[in-house]
Amino acid sequence: MADGVVLDGVLTRLVPTTEDDVDLLARWFTSPDFVEHWGGVPLSRAEVAEKYVGRRRPQVESYLVLARGTPVGYAQYWHADDAEGGIDMVLGPEARGRGLGPDAARALLAHVGGNLGWRRVTVDPARGNVRAVRAWEKAGFRPVSSEAGNLLMEFRFSEAPG
């Protein structure tokens with residue numbers, strides 16, 4: 001599978017996206033329900049192909065989020081430097097409210113903290129997306145600032161419960 005590594009959570013599995021995923025991702029990213037809190041504007045197939053199927057590796061690692069083997073969302077992590085970076089994730093409406101987001105986030109955290117040695121990870125959910133804010137909190141993220149429409153949240157590995 002591409003250059004990335006498969007990440008396993010308890011409820012989810014994250015697999016690196018490939019060119020074979022363009023059609024699926026393009027369908028998702030043209031859906032207003034899917035992009036509601038991901039820029040709010042449907043994306044073209046060309047934009048999806050450029051950004052979300054691994055073409056930005058190694059700076060950005062892109063994943064399909066699977067639940068019971070079925071694709072239910074998209075996640076990515078990006079490097080700010082050797083010790084930190086950020087995570088972005090969006091799940092389809094049918095996958096929300098089932099604990100899949102926090103589970104996928106914990107799988108990503110285990111990878112970037114355990115395998116890559118990151119010390120800090122940030123996320124920036126829309127402040128009004130209460131469900132996403134709660135999901136990030138369940139994964140261990142804490143608010144640090146709020147600007148414009150987004151809330152900056154962070155996870156620090158040194159502060160993580162052991």
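# Reading features in a predicted model

A: Arg68 is placed in the loop between β3 and β4.

Q: Is Arg68 buried or exposed, and what is its relative accessible area?

A: The cut-off for exposed is over 50% relative accessible area. Arg68 has 86%, so this residue counts as exposed.

Q: What should I look for in its backbone, and what is the phi of Arg68?

A: Most residues other than glycine have a negative phi, and most peptide bonds are trans. Arg68 is not a glycine, yet its phi is positive, at about 55 degrees.

Q: Which peptide bond is cis?

A: The bond from Arg57 to Pro58 is cis, and its omega is near 5 degrees. Pro58 sits in the loop between α3 and β3.

Q: How do I read the packing of two helices? At what angle do α1 and α3 pack?

A: Look at the angle, the distance and the residues that meet. Helix α1 covers residues 22-29 and helix α3 covers residues 45-52. They pack at about 115 degrees, and their axes are 9 Å apart. The crossing of α1 and α3 is right-handed.

Q: Which residues of α1 and α3 meet?

A: From α1 come Val22, Asp23, Leu25, Ala26 and Phe29. From α3 come Arg45, Val48, Ala49 and Tyr52. Sorted by kind, the residues of this contact are seven nonpolar, two charged and no polar.

Q: How many of the residues of α1 are buried?

A: Six of the eight are buried, so α1 is largely enclosed by the rest of the structure. The buried residues are Val22, Leu24, Leu25, Ala26, Trp28 and Phe29. They pack against α2, α3, β3, β4 and β5.

Q: How is a pair of aromatic rings described?

A: Two values are given: the distance of the centres and the angle of the planes. In this model the count comes to 13 aromatic pairs. One of them joins Tyr77 and Trp118, with 5.7 Å from centre to centre and 85 degrees between the planes. That pair is edge-to-face.

Q: Where do Tyr77 and Trp118 lie?

A: Tyr77 is in strand β4, and Trp118 is in the loop between α4 and β6, so the pair ties together parts that are 41 residues apart in sequence. Tyr77 and Trp118 are both buried.

Q: What are the values for the rings of Phe141 and Phe155?

A: The centres of these rings are 5.7 Å apart and the planes stand at 55 degrees, so the pair is tilted. Phe141 belongs to the loop between α5 and β7 and Phe155 to strand β8, so parts that are 14 residues apart in sequence are tied together. Phe141 is buried, with a relative accessible area of 0%. Phe155, at 10%, counts as buried too.

Q: Which residues form one aromatic cluster?

A: The cluster consists of Trp28, Phe29, Phe34, Trp38, Tyr52 and Tyr74.

Q: How do I read the surroundings of a single residue? What does Gln76 touch?

A: Gln76 is in strand β4. The cut-off for buried is under 20%, and Gln76 has 6%, so this residue counts as buried. Leaving out residues up to four places away in sequence, Gln76 touches Trp38, Tyr52, Arg56, Val60, Glu61, Ser62, Gly86, Ile87 and Asp88. The side chains of Gln76 and Arg56 are joined by a polar contact of 3.0 Å.

Q: Is Val65 buried or exposed?

A: Val65, in strand β3, is buried at 0% relative accessibility. Beyond four places in sequence, its contacts include Thr12, Leu14, Tyr74, Leu91 and Ala104. Val65 and Ala46 are 19 residues apart in sequence and 21 Å apart in space, C-alpha to C-alpha.

Q: How far is Arg156 from Glu84 in sequence and in space?

A: They are 72 residues apart in sequence and 9.4 Å apart in space, C-alpha to C-alpha. Arg156 is in strand β8 and is partly exposed, at 33%. Its side chain makes a polar contact of 3.0 Å with the side chain of Glu154. With neighbours within four places in sequence set aside, Arg156 is in contact with Arg119 and Arg120.

Conventions: Residues numbered from 1 in each chain as written. Predicted model: local features only at pLDDT ≥ 70, side-chain atom pairs only at ≥ 80, totals over all residues. Heavy atoms only, no water. Axes fitted to C-alpha atoms, helices over the stretch in contact; angles between N-to-C directions. Helix = DSSP H or I, 4+ residues; strand = E, 2+ residues; numbered from the N terminus. Left-handed = near helix turned anticlockwise from the far one by under 90°. Contact = heavy atoms within 4.5 Å. Nonpolar A, V, L, I, M, F, W, Y, C, P; charged D, E, K, R; others polar. Phe/Tyr/Trp six-rings, centres within 6.5 Å; stacked < 30°, edge-to-face > 60°. Buried < 20%, exposed > 50% of the residue type's maximum accessible area, 1.4 Å probe, protein only. Polar contact = N/O pair within 3.5 Å; in protein donor to acceptor, adjacent residues only side chain to side chain.
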